[in-house]
Every structure is written in structure tokens, then in C-alpha cells.
Protein chains: 4
Amino acid sequence: MPSTNFCQDEACPPYSLMDDYSEGAHPQILEALLRTNSTQQVSYGGDDYSNTARQLIREKINCTEDEAEIFFVPSGTSANLISIASCLRPYEAVITLETGHIACKEAGAIEATGHKLILVPPVDGKMTTTNLQKAMQQNQFFPHMAKPRLLYISNASETGTVYTKRELSNLSALCKQLNLLLLVDGARIGTALCSKKNDMTLHDIFEYSDIFWIGGTKAGALMGEAIVVKKQLAEGFVFHLKQHGALLAKGRIMGVQFVELFRDDLFFTLAGHANAMAEKISANFEKLGHELAAETATNQVFVTLPMDLVQRLQDRFRFYIWEQLDDGRVMVRLVTSWATDEMQVDKFNAWVAQWTAASKEFAT
Amino acid sequence: MPSTNFCQDEACPPYSLMDDYSEGAHPQILEALLRTNSTQQVSYGGDDYSNTARQLIREKINCTEDEAEIFFVPSGTSANLISIASCLRPYEAVITLETGHIACKEAGAIEATGHKLILVPPVDGKMTTTNLQKAMQQNQFFPHMAKPRLLYISNASETGTVYTKRELSNLSALCKQLNLLLLVDGARIGTALCSKKNDMTLHDIFEYSDIFWIGGTKAGALMGEAIVVKKQLAEGFVFHLKQHGALLAKGRIMGVQFVELFRDDLFFTLAGHANAMAEKISANFEKLGHELAAETATNQVFVTLPMDLVQRLQDRFRFYIWEQLDDGRVMVRLVTSWATDEMQVDKFNAWVAQWTAASKEFAT
Amino acid sequence: MPSTNFCQDEACPPYSLMDDYSEGAHPQILEALLRTNSTQQVSYGGDDYSNTARQLIREKINCTEDEAEIFFVPSGTSANLISIASCLRPYEAVITLETGHIACKEAGAIEATGHKLILVPPVDGKMTTTNLQKAMQQNQFFPHMAKPRLLYISNASETGTVYTKRELSNLSALCKQLNLLLLVDGARIGTALCSKKNDMTLHDIFEYSDIFWIGGTKAGALMGEAIVVKKQLAEGFVFHLKQHGALLAKGRIMGVQFVELFRDDLFFTLAGHANAMAEKISANFEKLGHELAAETATNQVFVTLPMDLVQRLQDRFRFYIWEQLDDGRVMVRLVTSWATDEMQVDKFNAWVAQWTAASKEFAT
Amino acid sequence: MPSTNFCQDEACPPYSLMDDYSEGAHPQILEALLRTNSTQQVSYGGDDYSNTARQLIREKINCTEDEAEIFFVPSGTSANLISIASCLRPYEAVITLETGHIACKEAGAIEATGHKLILVPPVDGKMTTTNLQKAMQQNQFFPHMAKPRLLYISNASETGTVYTKRELSNLSALCKQLNLLLLVDGARIGTALCSKKNDMTLHDIFEYSDIFWIGGTKAGALMGEAIVVKKQLAEGFVFHLKQHGALLAKGRIMGVQFVELFRDDLFFTLAGHANAMAEKISANFEKLGHELAAETATNQVFVTLPMDLVQRLQDRFRFYIWEQLDDGRVMVRLVTSWATDEMQVDKFNAWVAQWTAASKEFAT
């Protein structure tokens with residue numbers, strides 16, 4: 001193996017491609033916080049900025065006040081646990097993928113509100129009508145089994161794939177038939193809607209779901225997610241926010257941020273950038289003959305690499321090793337974001353290219 | 001009654017003395033968020049700023065890493081419910097004043113984690129050892145009564161009074177004797193420690209309690225409270241944060257803010273300003289012969305006023321009417337904060353003086 | 001003070017007037033368990049006996065299957081916690097007397113299902129419309145206070161008093177107006193309906209409440225309470241039973257017992273006996289000039305006695321000392337039941353009479 | 001196919017082999033309830049019978065009062081949910097087989113106490129150290145995953161298999177190493193310990209677990225399970241019983257029953273009968289060439305049969321069809337119990353033999 005030292009600048013810390021929340025907020029958002037800082041506002045979400053943000057989001061969704069209410073919470077886990085706890089009776093259960101964020105990344109937050117999770121294997125990172133049907137059939141032993149009542153999915157999925165309109169409308173129709181509510185976790189809904197694979201609008205997401213949320217944290221905000229709740233499920237929702245510590249006294253700080261994200265198309269512009277950076281990394285891998293573990297649809301790249309290349313990359317970049325393969329290779333996850341520096345991406349790609357070329361030369 | 005129109009500037013909106021969270025953050029805090037915005041940081045509270053903030057707070061408390069761990073959460077309700085849920089077994093109950101924030105302002109958040117509240121009447125807004133003893137005696141019918149296990153108090157109290165060192169040390173000693181943990185809600189601990197009535201330090205609060213928290217939201221931050229947990233109760237605490245949606249991906253935003261509050265004495269300076277503004281309002285009332293409903297120790301003024309004066313004030317100021325008295329007068333609550341504009345306070349005081357003078361003249 | 005030894009038979013253990021569950025079951029009930037023992041039955045409450053019991057209870061209530069469903073649970077705490085958990089949303093609270101069984105004798109069982117209790121002072125052991133109104137007014141600070149949604153009362157009350165038809169219908173009407181559900185804890189509903197103070201039928205209880213339950217444990221059964229749930233609240237109720245461990249595999253054992261209690265009027269006959277025994281004790285006290293702490297309406301006698309008399313009685317009888325009075329006397333509670341032996345009551349009364357006479361003689 | 005009508009007595013209802021709780025209690029138990037019925041006893045589990053039962057069980061386990069406390073609850077779901085809730089902190093999770101009773105037959109009772117279940121695939125109906133290790137490895141992403149803290153297994157397992165001493169001691173050792181508590185659900189522990197496959201004593205179960213329970217309901221009692229809790233986990237356990245409605249006022253009824261089950265060896269005699277009846281059914285199937293779906297170790301027989309035979313049997317016997325196979329055959333479950341009538345077993349076997357013979361004859 002070649003032992004060239006690729007790194008020119010030992011002093012600089014490795015650049016993170018670990019996740020999409022390593023930086024603060026988009027500058028436009030911080031400027032808005034500064035600009036609005038000294039006005040006095042009503043507390044607990046009744047402020048002008050939150051109200052404006054709600055109106056802007058409704059316009060993007062293309063729905064009226066009579067159709068949906070919008071609530072802001074500080075974190076994705078809050079959004080999920082409050083959404084679920086708000087619409088289930090104590091004996092009702094949630095159907096989720098085994099890989100669902102609520103199933104394996106939220107420390108039992110849903111169960112802590114008293115609800116069972118029914119786990120379903122993913123196909124391409126996604127829920128299918130077939131698997132949903134099967135899960136329903138296997139959970140019908142009344143009254144010994146908790147009653148399935150809500151389907152939870154994420155778009156983009158945990159592995160970065162996206163639902164097509166046909167897939168989501170089919171799931172939605174099946175849910176109605178099975179008397180299931182549908183909750184769409186939108187922690188990365190911006191990248192989903194900006195994916196080249198996407199054929200949906202925010203309105204489609206709204207139409208096909210009962211509750212969905214729009215992630216701000218991973219989309220350029222300091223924090224904050226906007227939960228869109230169909231009117232008939234919105235009664236008393238604010239009590240849930242309060243009870244779970246998610247009703248901030250200075251609700252304005254989420255209002256101000258979502259105004260910035262949605263008054264023009266900043267939300268989508270930033271998601272587009274994240275996707276473009278992932279695409280650039282992904283294309284380079286493909287061109288150089290490295291095997292993608294999944295097609296790159298949004299801002300996550302899953303690629304299988306030789307251990308040596310990974311170690312070299314780790315000198316200058318930080319990222320998750322997702323899985324150790326039996327053949328000695330490793331599958332790594334690379335995440336881009338609204339803040340990802342294209343120069344760093346170019347450097348990353350150059351390194352991969354350089355190592356790959358050297359490796360081939362050495363092999364011959 | 002005189003009908004002079006006091007208001008010179010009809011266009012300006014009324015100035016709020018409703019609460020201490022009507023504005024955003026102190027400019028120095030926003031500037032720090034801007035300055036640190038683009039550095040990449042580890043997520044979920046492991047960032048450099050949070051670590052620095054923890055160290056600064058420990059220095060102010062005068063304790064070591066081996067004595068206490070510090071966690072940041074986005075809201076006071078989060079701080080209370082997580083602190084309580086983290087250290088009680090399911091059958092254990094909380095003793096609180098009837099007026100305690102957890103008893104009447106958090107939408108049942110503590111009960112939602114499964115724990116009973118045992119209510120005790122306040123004396124001067126505070127818990128007394130006598131009343132605590134009595135509550136313990138009345139809750140000993142094993143196993144039919146939930147077991148009292150934690151005393152919850154707030155400093156400053158809900159009515160703005162503060163505990164003396166003697167009072168807190170006595171409560172603390174009694175708690176130890178009764179096998180009770182002691183949690184101090186510090187949503188307004190800055191104003192308490194800056195009160196002219198105060199004879200405690202942060203170290204005293206730490207020493208006498210098992211868990212206490214330092215409110216950022218009411219002290220000039222956008223949001224965020226710092227929970228100080230004695231080492232022996234800190235194991236697994238992070239799981240609780242995560243499970244309740246209080247572990248922010250960009251934990252840095254709370255770290256950065258608490259660094260600013262505690263690297264010099266901004267936290268105390270701002271609390272001192274709030275107290276001074278309340279003192280000014282309070283002194284004016286006293287001088288003019290209006291009856292204070294409680295001595296003004298921190299940033300809340302409770303005063304009993306004629307309805308006519310209240311209505312005139314309402315043209316230019318917003319505040320809570322706390323209680324309608326039988327004699328036609330009303331008790332109002334006026335809250336000042338780090339952001340309270342002294343010019344507005346002067347204007348407020350002038351109005352009160354003017355009305356009072358006119359009223360006396362009219363009466364004679 | 002006379003020191004005559006009243007006790008003739010030192011060997012016999014003291015007779016208990018502690019509670020109404022010191023014995024097993026009425027013999028007719030045990031015989032029915034024996035008689036039906038070997039038939040095979042469907043499990044989990046679907047057995048013939050449970051179905052017959054449901055039908056018999058509906059006949060006594062005078063309601064149809066379309067109006068109410070009936071469920072059997074093993075304990076009063078189960079009945080209360082399941083009834084409440086089944087019809088409240090997470091942020092909804094229960095209004096109860098401070099002395100309510102759920103408030104101070106169930107180890108926080110209701111809070112363990114996540115719901116807040118709002119405490120109201122009793123008048124003559126009962127809830128009044130005035131106090132209910134006041135509690136509602138004090139719990140309306142949206143969304144910071146949990147939303148009151150259910151009124152819990154007991155008939156007979158914790159102190160043995162009973163609601164009149166007028167009182168219950170007024171409470172019921174007020175509940176409807178305030179959008180509150182009404183739950184009647186009927187642990188001692190038999191003695192309430194057999195009280196000389198009573199002017200209600202089971203049908204009245206049914207009509208005025210949304211859920212009520214008929215206590216078997218204190219009425220001659222080994223265990224078991226029958227919860228009567230208005231149809232519109234009954235959907236999914238069985239899931240709650242199962243989830244809380246109250247759906248017994250051999251549900252038949254509760255069915256068989258309730259068949260015996262309700263196929264003739266055993267339930268009421270036994271309650272009548274309990275009341276008669278209490279009345280006898282109570283009347284004797286009054287005749288002898290001892291002060292009742294409350295009028296005796298059901299099977300509990302609260303009486304204030306000199307300590308010396310109490311100590312003498314304690315040689316031969318077991319009962320609770322309810323309260324130490326400042327004048328040296330004590331208030332004791334004496335409870336009779338379906339199983340109370342009239343000979344023991346006569347002996348008790350004779351002792352009281354003998355002591356009182358001797359005491360008077362000594363005093364003169 | 002032959003169409004002989006096997007049934008001679010059309011009038012008799014089909015005999016149930018559905019479960020092991022279709023009858024009441026063993027007569028000796030009912031007689032004991034009668035015999036002890038009128039003595040007055042202390043309530044809530046402090047009665048003489050419960051204390052004697054505790055002592056008898058400790059003798060069978062061969063442990064002292066200092067080593068274990070014993071509590072009686074009315075149902076298996078109560079036993080599981082209380083045992084688990086009593087020893088976990090809110091963020092701790094339970095590892096269980098996918099087929100575990102708590103995972104799929106208790107309507108989400110464990111989740112309703114706030115705890116996550118981590119599901120593991122069974123091998124021969126049982127947990128293996130390999131699968132346990134793997135589950136641990138997959139649930140270590142601190143603090144985003146709930147912390148695994150308790151292993152739940154059942155002996156006999158849900159499919160009637162039993163753990164060997166080696167298997168249980170290995171699991172126990174691994175649990176200690178991984179800092180997991182071990183709970184053994186003993187709903188059918190009698191049949192497990194009486195299995196021909198068993199090489200353990202009650203003492204072994206006690207030694208290897210932290211909490212285990214002895215099922216009374218399926219072993220000849222009307223209801224009632226005895227939870228054996230190692231001393232260090234027993235503090236406050238009674239509060240849990242009370243809070244979950246499982247502390248019966250007349251705790252004596254469980255005490256009396258367990259005295260009968262354990263004062264001689266009635267508990268084991270009855271389990272032995274159940275196993276013998278299953279063995280007889282199972283052996284007949286094997287002799288006649290029908291395929292067992294699992295080896296018969298306790299009181300459950302899983303056998304794969306032609307649909308025609310199943311339909312004939314259904315005229316006279318009730319049992320569960322467990323699974324429809326693709327080849328048209330069905331897998332059925334037959335459950336025997338302490339109450340199973342050997343004449344009915346003989347009749348069942350004769351029918352199977354007769355049909356099988358006729359079927360073969362017809363085939364040739």
C-alpha cells in the first residue's frame with residue numbers, strides 16, 4: 001500500500017461529515033434574531049413571529065387555518081413524543097420500522113408516554129403496504145395485544161431514501177382502511193422534498209398524513225421543529241406541549257427562525273445545497289468504482305470502502321463507521337448539510353481519487 | 001375623579017411589565033451566538049461551549065467535577081420534570097407548596113411522569129419546617145399513601161420572596177432527617193441571590209440541596225436552564241434528558257449562552273438590574289402611600305391599587321391583575337427583568353405619582 | 001376511675017371492628033363457587049356467569065345493553081385507576097375531595113397513570129356544587145394548568161355520609177354544564193343505598209354518573225368490583241383491564257360472586273345488616289351521652305370517647321383511633337359489615353354502658 | 001374420505017383443550033377457603049394464611065426471610081408489570097423474546113409503565129446467550145438508546161419448552177456480567193419443574209434469578225401468583241402492589257390458596273397430572289405418525305394435522321388452530337391442565353386413532 005501523506009495542513013482539525021447539526025444557524029436566521037430581539041412579545045407561542053411563521057408555512061402547504069394548526073417545539077424527539085401521545089389512547093400502539101428513529105434513537109421516549117411500538121422490517125429503508133398489512137394481521141388478538149392505531153414513518157428515511165407520491169398515497173389509503181393515523185417525521189423533510197427522486201409537494205405530505213412535522217434543526221435553524229396537525233386532532237395540543245416542557249416562554253425564537261426559513265425559499269435552498277454536496281461525494285465514489293451501499297437520494301451517502309482508505313480519510317474528516325463487513329471493508333455514512341463547505345467536499349473527493357489511483361497503481 | 005389624559009404618545013404600544021420573558025436575549029449573548037456560529041461542534045451537549053459553561057458554573061458554585069454534574073435543558077418545566085423523574089421511584093411523591101410552579105403552572109407535568117404531589121400551604125410564599133413536618137406526618141399510612149421522598153421549593157418564591165440561609169439550612173437538615181431529597185427551582189435564582197434580603201451564595205444553594213437549577217430564560221438568555229445535580233444522583237441523567245426531548249442536537253446554543261452569563265458576572269448584573277427596577281417601582285408606591293401586598297424582595301411587585309389608577313396605567317402598561325379585592329381595589333403584579341427600560345419605569349412612577357396627587361387634591 | 005375487669009374470657013382474641021373486609025365471603029357465595037367449579041368456561045370474562053351477572057346488574061339498574069357495559073375487576077384501586085385512565089386524555093385532571101380515596105389511600109395510583117388530582121375540601125364528607133365551581137374557576141389558566149375533566153366522588157363517602165338525590169343530581173347537572181365526566185366510587189354503595197338517609201336507587205346513580213362501580217369486596221364477596229360504564233365511554237375498556245392486570249383468566253370467579261349478590265337481593269340484605277349493626281352501636285353511644293363526630297348514616301361510626309374507655313374497649317375489640325383531640329379524648333372509627341356478629345355488637349354496647357355507668361358513679 | 005360420524009353423544013358440549021384456566025380451583029383449595037372463611041384476619045396481605053404461605057414457599061425454595069420476600073398478586077400480567085416497574089429506572093429497557101408474554105399477550109402493559117421492550121428471536125422457544133449478547137451489542141448507543149437492564153424469560157416457555165439448569169445458569173451468569181437483572185415468569189413453572197426435561201429445583205430458579213413468580217392461576221388456584229423477590233429488590237415493593245391495584249383487601253384469599261398448594265406437594269402433583277395428560281396426547285400422535293411441531297415437554301402439545309382430522313376433532317373438542325400451513329395442514333395447540341379429565345384424553349386419542357386408521361384404509 002502507498003504511504004503518501006495526503007494531509008498538507010496538519011494543524012487544521014478534521015472536517016465533520018458526521019451529521020447535519022454540527023454548526024449553528026444560517027446567518028440570515030441569526031440576523032433575524034438580532035433584528036427582532038428587543039421588541040416585547042406575548043410569551044408561550046402567542047407572539048407575532050410565531051403567528052407569521054404559521055401563516056407562511058400554511059401558504060407553502062397550501063392549506064387554511066381551518067385545516068391545520070401549527071406548533072413549534074425545540075427538538076425532534078419532542079415533536080415525535082408529543083405528536084404520538086396527543087392522539088393515542090393508553091392501549092393504542094404505534095407501528096414503525098425497526099430502524100425508525102422512535103424505535104432506536106430516542107431512548108424509549110414513546111414507551112415513556114405509555115405506548116407500545118410494533119416493529120416492521122424496512123424495504124429500502126421504507127415502510128411498505130405489504131409489511132404494514134402483515135403487522136396489522138399479527139396484532140389483532142383482542143384484548144391481549146395492544147391495538148395498532150398509528151403508523152409512524154420518516155421522510156427522508158433513516159437511510160436517506162425518499163417516499164414517492166405513489167408509495168405515500170398507498171400507505172395513506174391503507175391507513176384509512178385500517179383505521180390508522182399517519183405521522184410523518186420530517187426531521188429531514190427538506191432534503192426529501194429537494195431530492196431528485198422526489199415527486200411530492202409539502203401539500204402532498206399534508207394531505208396524506210394526519211400529523212407531520214418540518215424539521216428546523218437539521219435545516220439551518222438553531223433549534224425548532226414545526227408540527228402540522230390536522231384540525232380535528234389539534235384540540236388540546238398546547239396542553240401536551242406544556243406538559244412535556246416543550247412550550248418555550250420565548251416561543252418567539254422559533255417563530256423568528258421559521259419566518260426566515262419560509263418567507264422566501266431559504267428552507268428549500270439550504271436543503272438543496274445539502275443534497276448537492278452529497279450528490280457530489282456520491283458521484284465521485286461511483287466514478288472511481290467504489291460501491292454505494294444505497295443510492296444517494298438526499299444528504300446521506302452510504303458507501304463501502306477499504307479500511308485503508310477510511311483510515312486515511314479519518315486524518316482529515318470525521319464521519320461514522322456504520323458497519324464492519326466480513327470482507328474487511330467498512331460501510332461508512334457521510335452526512336452533508338446546509339452548512340457543508342464545498343471546498344471541503346472537493347478536498348474530500350480529491351483525497352478519495354488520489355488514494356484510489358495510488359491504490360490501483362500499486363496493485364498493478 | 002380627575003380625567004386628565006396622562007398619555008402623551010397615543011401611538012406607542014403599552015409597555016409590558018407582565019413577565020420577565022417578553023424580550024429576546026441580552027445582546028452580548030446574541031453576539032456570542034454569532035461569533036461561534038460556524039465552528040463545527042460535537043452534538044448533544046458534548047460541545048466545547050457547554051463544557052466551558054459547566055466549568056464556569058462550577059467555579060461560581062465553588063464545587064468540583066466530582067461533586068456535581070451540570071445539564072442544560074430548554075425550559076423550566078423540562079428542568080423540573082426531568083429532575084424529579086430522575087430521582088424518584090414510581091411510588092414516591094413530591095412535597096410542594098400549593099402555590100408551587102409544579103403544582104399549578106405546569107399542566108400536570110410531574111403527575112404525567114407518574115408522581116403524586118403533596119400540597120402544603122405557604123407562609124410568606126415559602127415552605128416552613130413546621131408545615132413540612134406536618135405534611136410528612138399526614139402521609140405515613142403505609143402502603144396506602146405514596147411515600148414522600150422529595151421536597152420542591154423555588155427561590156425566589158412564586159411571590160418574589162427569598163429564603164434566608166437559616167431557613168434553607170433548616171429545611172435541608174429536616175429533609176436529611178426525614179429522608180427527603182431537596183430540589184430548588186431556580187427559574188429566578190439570579191434575582192434571589194441579588195436580593196437585598198439574600199444572605200446566601202450559589203455555593204449555599206448547592207450545599208443545601210440535592211438538585212437545583214439556574215434559570216437562563218428569565219435571566220437574559222434566549223432559552224435554557226442549567227441543572228446542577230449532585231454526583232450521586234447524576235448517573236443516567238442524560239438518558240432522562242433524551243427521553244423527554246430535552247437533549248438538543250445543537251446543545252452548543254445553551255452552552256454558548258451560559259458561557260456569556262457566567263464568564264464574568266453578567267448573570268448577576270442582569271438580575272441586579274431587574275431587582276433595582278422593581279425596587280424603584282415599589283419605593284414609589286410606598287412613598288405615595290399605596291399598600292404593598294408583599295414586601296418587594298426581587299423582581300416582582302405586588303401592590304394593591306384603586307381600580308381607577310389601574311385603568312389609567314393600563315393605557316400605557318401591560319401587567320397582570322392578580323386578584324380582585326372585596327373593597328373594589330385590585331392587587332396587581334408588576335414584573336421587571338434584565339431588559340426593563342428605566343425610562344419606562346420612570347414614566348410609570350411619574351404616572352402613579354401624578355394620578356395619586358390628582359386624586360388627593362380631588363378628595364380634599 | 002373504676003378498674004373492674006370487664007373481660008370474662010381472656011383467651012378469645014379481640015373482635016375486629018377495624019374494617020369491612022376482615023372476613024372471607026358470604027357462605028352463599030362460596031357455595032356457588034363450589035357448585036360451578038368444574039364446568040369449563042370461556043376465559044377472561046367471557047364466561048356464562050359473568051354474562052349472567054351483567055344481565056342481573058343491568059336489571060337492578062334498569063338499563064339496557066345499549067346503555068351500559070359492565071366489567072369486573074379484582075380491587076377498588078383497579079376500578080378507580082382504570083375508570084379514570086380510560087376516559088381522560090393525558091393533560092386532563094380529576095377533581096376530588098381532599099379526603100377522597102384516590103387522593104389519600106391509593107398510593108398515587110391515579111397519578112401513576114399520569115393524571116393530576118385537584119383537591120377540594122369536603123363539607124360533611126361530601127363534594128358540594130359551590131366547592132366544585134370554585135375549583136373549576138381556580139384551574140382555568142390555559143395551558144399552564146391541567147384541564148379539569150372528571151369529578152370523582154364516593155357514595156357512601158369516606159366518612160360514611162351519603163349523597164341525597166338532590167345533591168347528586170345537582171352535581172351531575174353542574175358537571176354537564178362544566179364539561180366534566182362524573183365517576184362514582186361505589187366501594188360502599190350498598191350501604192349507601194340501604195342508608196336511612198338515602199333517597200336514591202341504583203338507576204339514579206347510573207343516570208347521574210358516567211361511570212360508577214359496585215363494590216363486591218366490602219359487600220360479602222371474596223373480591224371483585226363491577227364497573228358500570230355508559231356505552232359511549234366503553235369502547236376499548238377491556239384493553240385497559242388487560243393492560244392494568246385486572247382482566248383475570250378465570251373471570252368466572254367474579255361472575256359467579258356477582259350472580260349470587262344480585263340474583264336475589266343478597267347485596268342489599270348484607271348492606272342492610274352492616275348498617276343496622278352500626279346503627280345499634282351508634283344509638284347506644286347517643287343514649288349514653290357520648291358525642292358522635294358525625295351522624296351515622298351507613299356502616300361507619302365516628303365517636304369521640306374518653307381515653308380510658310377506649311383502652312378498656314381495646315382489650316376486647318380492635319378499631320382505628322382516628323384522631324387525638326386536644327382535650328385528651330380520642331375520636332375512634334368503628335366499622336361494621338355484612339359479617340358483623342350481633343352478639344359482639346351487644347357485648348360492645350354492654351361494655352360501653354357498663355363503663356359509662358361506672359364512670360358516672362365514680363364521678364359523683 | 002370416510003364420513004363415519006364418530007360422535008355418539010351429540011348433546012354434550014365440546015371438551016376444552018384451549019387453555020389451562022377453563023375450570024375453577026382444585027377442590028382442596030375451595031375447601032380451605034370454606035374452612036377459613038369466618039376467621040377475622042388482618043387485611044392487605046398481613047393475614048396469617050399469607051404469612052404461612054410465604055413460609056411454606058420459602059421452605060420449598062430453601063431460602064430464608066433474609067434472602068427473599070414474597071408477594072401475592074391476582075394475575076400474571078400484574079406479576080410481570082409490577083416486578084418490572086419495581087426495579088427499573090424510567091430509561092431502562094427490558095430484553096425479551098419476540099414471543100414473550102409481555103411482548104405480545106399483555107396489551108402493552110410493560111410499555112404502559114414507561115419501559116421499552118427489546119425483542120430477541122427465540123431458539124426452540126427460548127432465550128440464548130448468543131442472542132442476548134447480540135441484543136446488548138445492538139443497544140449501546142448512549143444516550144440515544146434506552147439502557148437494557150432486565151432480561152425477562154418464561155419457564156416453561158410460551159411454546160412449552162423448558163430451560164435446563166445449564167441454560168439458565170449461563171443466562172444468569174451473562175446477566176451478571178452485563179449488569180442485567182433476571183426475571184423469570186413462572187405462570188407455568190409447575191409444569192416446567194415437573195417436566196421430564198427438567199433438571200432444576202425451585203431453589204435453582206431462585207438462585208439464578210433476581211425476581212421470579214410462581215403461577216397459581218394455571219396451577220389449580222382460583223387466581224393468584226406468588227412473586228419471589230430477592231431481598232435487595234424488595235424495599236417498597238408493597239407500594240407498587242397498591243399503586244397497581246394488586247394489593248387485595250382480602251389478601252387472605254391468595255394466602256389460603258397458596259398454603260394448600262404448598263403445604264404438601266399439591267402444586268407439583270397437579271402440574272405432573274397436566275404434563276402426563278399432554279404426554280399421553282403427544283405419544284398417541286407420534287405413534288400414529290402425526291408430526292409434532294415441537295417436542296412435548298410440559299402441558300402444551302403442538303402438532304401438525306390434516307384439516308379433515310382437525311374438523312372432526314372440533315365436533316367434540318375445543319382448541320386453538322395456531323397456524324395455517326402452506327400444504328393445507330394446520331398446526332394446532334392442545335393444552336392440558338391439573339383439571340384435564342383423563343377419560344376425555346382417552347376419547348380424544350381414540351378419535352385420532354380411528355380417523356387415522358380410516359384415513360389410511362381409504363388411501364389404500
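Modeller: Let's start with a term: two residues are in contact when heavy atoms lie within 4.5 Å. This is a predicted model, in which local features need pLDDT of at least 70, side-chain atom pairs count only at pLDDT 80 or more, and totals for chains, interfaces and linings use all residues. Residues are numbered from 1 along each chain as its sequence is written, chains are lettered from A and ligands numbered from 1 in the order in which they are written, and side-chain values use heavy atoms, with hydrogens and water left out.

Biologist: Thanks! What share of the contacts in chain A with a separation of 6 or more comes from residues 24 or more positions apart?

Modeller: Such pairs account for 73% of those contacts.

Biologist: What makes D:Asn80 count as buried?

Modeller: Buried means under 20% relative accessible area, exposed over 50%, and partly exposed in between, using a 1.4 Å probe and protein chains only. D:Asn80 has 0% relative accessibility, so it counts as buried. This residue sits in helix 3 (residues 76–87) of chain D. Beyond residues up to four places away in sequence, D:Asn80 touches several others, including D:Tyr152, D:Asp185 and D:Trp213.

Biologist: What makes the phi of D:Ala107 worth a look?

Modeller: Most residues other than glycine have a negative phi, and most peptide bonds are trans. The phi of D:Ala107 is near 50°, a positive value in a residue other than glycine. D:Ala107 lies in the loop between helix 4 (101–104) and helix 5 (109–112) of chain D. With a relative accessible area of 1%, D:Ala107 is therefore buried. D:Asp124 also has a positive phi, about 55°, but D:Asp124 is at 51% relative accessibility and so counts as exposed.

Biologist: Which peptide bond of chain B is cis?

Modeller: The bond joining B:Asn155 and B:Ala156 is cis, with omega about -5°. In chain C, a cis bond joins C:Asn155 and C:Ala156, with omega about -5°.

Biologist: How much area is buried between chain B and chain A?

Modeller: Buried area is the accessible area (1.4 Å probe) that two parts lose on being put together, summed over both. For chain B and chain A that is about 3,800 Å², with 57% from carbon and sulfur atoms. B:Gln40, B:Gln243 and B:Lys250 supply 19% of the area that chain B buries there, more than any other three residues.

Biologist: What about chain D and chain A?

Modeller: They bury about 1,500 Å² between them. In chain D, D:Ala107, D:Glu111 and D:Lys116 lose the most area to chain A, together 34% of what that side buries.

Conventions
Helix = DSSP H or I, 4+ residues; strand = E, 2+ residues; numbered from the N terminus.
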